[in-house]
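Subject: Structure handover

Hello,

My notes on it follow below the model.

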Amino acid sequence: MIKLLFPSTNGVSCLSSNKLTAAIINSHGNKKVEGVKSKMKFKLFDIYFLRGLIYFVTGIYYFAKTFVRCSTLDDEVEEERNITDKIASKLNVASVYVMLIASVIVGFLFAFVVLGFLPSFAVKKAFGEGHSQTLLNLMTAIFRVAVFYLAMLGLRFAPFMQEIYRFNGACSQAVNCKYKVTELDKASIFQPLNFLNFLLFAFLTAIFVISLISIKIAWWADPLINLGILILVLSICFEILFVFEKANVKGLKEIVIAFAWLVSMRPSVTHKEVVKVAILEQNYDKDYEMEEKDKISMSTLLAEMQTKLLNNERYDKSDVDWLIANVLGKNRTEIKLVKSVSEKEYRDIIRATERRSKGEPISSIFGFVDFYGLRFDVNRKVLSPRMETEILVEEVVRLARTMPNPEICDLCTGSGAIAIAIAKNVKSKVCGIDVSKSAITTAKNNAEKNDVKVDFILSDLFLELKKSKKFDIIVSNPPYIKSEEIEKLDVEVKNYDPRLALDGGGDGLDFYRKIVKSAPKHLTEGGYLYFELGIGQAEDVQKIMIEGGFVDTHIVKDYNKIERIIYGRIGERNFRKNAEGERSV
């Protein structure tokens, strides 16, 4: 979808075929936004040469409208701050209209005196009457372009214009990253078809061409001819910049920058956030106007959350959704319908976002995690269940449903997520085993909250079980990180998950060896053993299982095509061997 962005002194507007949105940073440092439906016909932008004129007319209208709308949105300052406000107050109009009218008058005076009379007079005085008219016209054209360029250069030092140029730079970044607001920081602030850049390039070109041709037919005809030249120049300049934008030719970028740098400046975080707000507000179908003082728009909230998470390289769209959903007490589907939040909700979400940006897991921030359709309390004493572990549960549930009342054991149960999820979905007898007292306590509480009966046992693997105890399925997500790699893990894991649940020994395979060695003694004939795997461990664990007497081993990949689950059936020979060993004992 085509979008046009226009800057102002305190914000921007974003125009698409569906909606016109305006976002500002007001006098108190708060962001405000509004959005109204638009019926802009962008099909005309496909007509060569005509589109340049359409872009110019459309741009002038919406550029002025952006100034008016952004100024009127900033309604929190009532006192008269300067002479513009005083004049506006006496005329009973918005101060922005006074400012626009004054700007137009100054612009005409500048064009008439500085660009019109002064260059012609100076060139004639400098060269006299003895030179050709063509040379005089050329020198006048160069003089006028230079004066206009220097005037634009001077405006870069005016605080009023610097704010416009910073917002303009952020607008260019948005276009260059194709409105993917999460990639705004990586994009260039120079963009050929940026409206102010187009305007500057076209005016400089028109000034040069009109001065060089210097039509002098009649006082009434000359302005009309010059207007026609201006229209032609606008159309041609648009096509030239269009080629510059599409073509990746060395040298073209430098030509664009020679003009664009005059109207674009490096934006601050705030400038970029305001542009993000205007773009994000486009995603909402209905009109929106901030009427309640204690409400913050969802687009404003999203922009600020993105900034905090991106600054710490922690941005993930699903994390943003979960943070908002958990604070608001809604599911991820429902938050898509939310247009604004209260100030308290806003503060709570931002606080949670700041914690997430420092690496704290969402489960730790809120003290619970959703897993396999159930909710589990978690803390720093247990490993927070991951989404890929749901695949392990799914595989076990699929097999267990083919068995009549199977007995299932979850080794290294932690929060009890695997055991409880299986018990909730299969008619079976389930037990969970863990060496940590805190983990067992957490698991029991989770079973009670989810209304599931699971027998949790404090034990170092099978150590506290009766030797005669048998299971149809043993499942485990054991510690599998290499000891030396734990300190290299992301802060989200190493600082918030218990080391006991991570450390798998020197090669990360210690628990797989221990469980494979002991499991056959506690499996029924034809019983199965299921494991979750670390990245790159599938082949080694499969070898351990085969050497331990397991057959028909299968490896299952996760959502990212990573080998994540392995399972196998106890071989008949190994089962008989263990059975005979028990009888001899």
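Please keep in mind that this is a predicted model.

Helix packing

Take α11 and α12 to begin with. The crossing of α11 and α12 is right-handed. Helix α11 covers residues 317-328 and helix α12 covers residues 343-357; they pack at an angle of about 140 degrees, and their axes are 10 Å apart. An angle over 145 degrees would count as roughly antiparallel; α11 and α12 are therefore oblique to each other. On the α11 side, the residues in contact are Asp319, Leu323, Ile324, Val327 and Leu328. On the α12 side, they are Glu345, Asp348, Ile349, Ala352, Thr353 and Arg356. By class, this contact of α11 with α12 has 6 nonpolar, 1 polar and 4 charged residues.

The other pair is α6 and α7. Their axes come within 9 Å and cross at roughly 135 degrees, which makes α6 oblique to α7. The crossing of α6 and α7 is right-handed. From α6, the contact uses Asn197, Phe198, Phe201, Ala202, Phe203, Thr205, Ala206, Val209, Ile210 and Ile213. From α7, it uses Asn226, Ile229, Leu230, Val233, Leu234, Cys237, Phe238, Ile240 and Leu241. The residues of the contact of α6 with α7 divide into 16 nonpolar and 3 polar, with no charged residues.

A buried isoleucine

Ile440 is part of helix α16, which spans residues 437-449. Its relative accessible area is 6%, and the cut-off for buried is under 20%, so Ile440 is buried. What does Ile440 touch, leaving aside residues up to four places away in sequence? The residues are Thr413, Gly432, Asp434, Phe456, Ile457 and Leu458. Of these, Phe456 is 16 residues from Ile440 along the chain, and the C-alpha atoms of the two are separated by 6.4 Å.

Salt bridges

The structure holds 26 salt bridges. I describe some of them here.

Glu239 pairs with Arg51 in a salt bridge whose closest N and O atoms are 2.7 Å apart. Glu239 is in helix α7 (residues 221-246) and Arg51 is in helix α1 (residues 50-73), so this pair ties together parts that are 188 residues apart in sequence. Are the two partners buried or exposed? Glu239 is buried, at a relative accessible area of 11%. Arg51 also counts as buried, at 5% relative accessibility.

A salt bridge also joins Glu163 and Arg166, with 3.4 Å between the closest N and O atoms. These two residues are 3 residues apart in helix α5 (residues 159-176), so they are separated by about one helical turn. Glu163 counts as partly exposed at 28% relative accessibility, and Arg166 is partly exposed with a relative accessible area of 22%.

Arg375 and Asp370 form a salt bridge as well, their closest N and O atoms being 2.9 Å apart. Arg375 counts as partly exposed at 42% relative accessibility, and Asp370 counts as partly exposed at 34%. Elsewhere, salt bridges that share partners link Lys19, Glu281 and Lys339 into one network.

Backbone angles

Some background for this part: most residues other than glycine have a negative phi.

Ser214 is not a glycine, yet its phi is positive, near 50 degrees. Where is Ser214 found? It sits in the loop between α6 (195-213) and α7, the two helices whose axes come within 9 Å. Ser214 is partly exposed, with a relative accessible area of 24%.

Lys561 likewise has a positive phi, of about 65 degrees, although it is not a glycine. Lys561 is found in the loop between β15 (550-557) and β16 (563-570). Its relative accessible area is 66%. The cut-off for exposed is over 50%, so Lys561 is exposed.

Regards

Note on methods. Residues numbered from 1 in each chain as written. Predicted model: local features only at pLDDT ≥ 70, side-chain atom pairs only at ≥ 80, totals over all residues. Heavy atoms only, no water. Axes fitted to C-alpha atoms, helices over the stretch in contact; angles between N-to-C directions. Helix = DSSP H or I, 4+ residues; strand = E, 2+ residues; numbered from the N terminus. Parallel < 35°, antiparallel > 145°, perpendicular 65-115°, else oblique. Left-handed = near helix turned anticlockwise from the far one by under 90°. Contact = heavy atoms within 4.5 Å. Nonpolar A, V, L, I, M, F, W, Y, C, P; charged D, E, K, R; others polar. Buried < 20%, exposed > 50% of the residue type's maximum accessible area, 1.4 Å probe, protein only. Salt bridge = Lys/Arg side-chain N within 4 Å of Asp/Glu carboxyl O.
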